[in-house]
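Me: Walk me through this one, please. Start with the words I need.

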Amino acid sequence: MTVYVKQIQGLAMAARGDSNHWVAMDGPEKLGGLESGSRPMEVVLMALGGCTAMDVASILQKTRAPVEDFAIEVEAERADEHPKVDTKIHVKYVITGSGVKARDVERAIELSEDKYCSVTAMLRKTAEMTSSFE
């Protein structure tokens, strides 16, 4: 996998990976940014949410769970000192659908967290990871 990052102006950057889709990133205005994109650490959490969401959605589809809506909220606490890595991350899965079984959701989350989601595996090395679902 290769990622290309191009400076647009100041701290505003555009990044493109092998999928050939662009992602905008930027810093705060007070540090020379334009406020024109997500912060890089936000993008990391978005990657976590996207990775585990794809796993869980795929697993639940295979179990024919009647999911009507699915969202994920990711919250993180960062270290006070540089490098300001995330030290605690909580992933909240919000799944709705009449007839969705809690045990199917629990199993899908467990498989994602323990086996499939590579972003979880990387972040777990620096952050305390927790999750919940409703």
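Reply: A pocket is an open set of points on a 1 Å grid over the protein atoms alone, where a 1.4 Å probe fits, with protein on both sides within 12 Å along at least five of seven lines. Its volume is the space filled by probe spheres set on the points, which are joined across faces, edges and corners. The model is predicted: local features need pLDDT of at least 70, side-chain atom pairs 80 or more, while totals for chains, interfaces and linings use all residues. Residues are numbered from 1 along each chain, and side-chain values use heavy atoms, without hydrogens and water.

Me: How much space lies in the largest pocket?
Reply: About 580 Å³.

Me: Which residues lie nearest its centre?
Reply: M1, V3, V43, V44 and A47, out of 19 lining residues (an atom within 4 Å of a point).

Me: What supplies the largest share of that lining?
Reply: α1, with five residues. Helices are DSSP runs of H or I, at least four residues; strands are E, at least two. β2, β3 and α3 each supply at least two residues as well.

Me: New topic. How do β1 and β2 pair?
Reply: Antiparallel, over five bridges. Pairing takes at least two DSSP bridges. K6 stands opposite A14 in β2. Two residues sit between the strands of this hairpin, and G10 takes a positive phi near 55°.

Me: What order does the open sheet have?
Reply: β4-β5-β6, with mixed pairing. β4 and β6 are the edge strands, each pairing on one side only.

Me: And how many bridges join β5 to β6?
Reply: Six, and the two strands run parallel. Y93 stands opposite F133 in β6.
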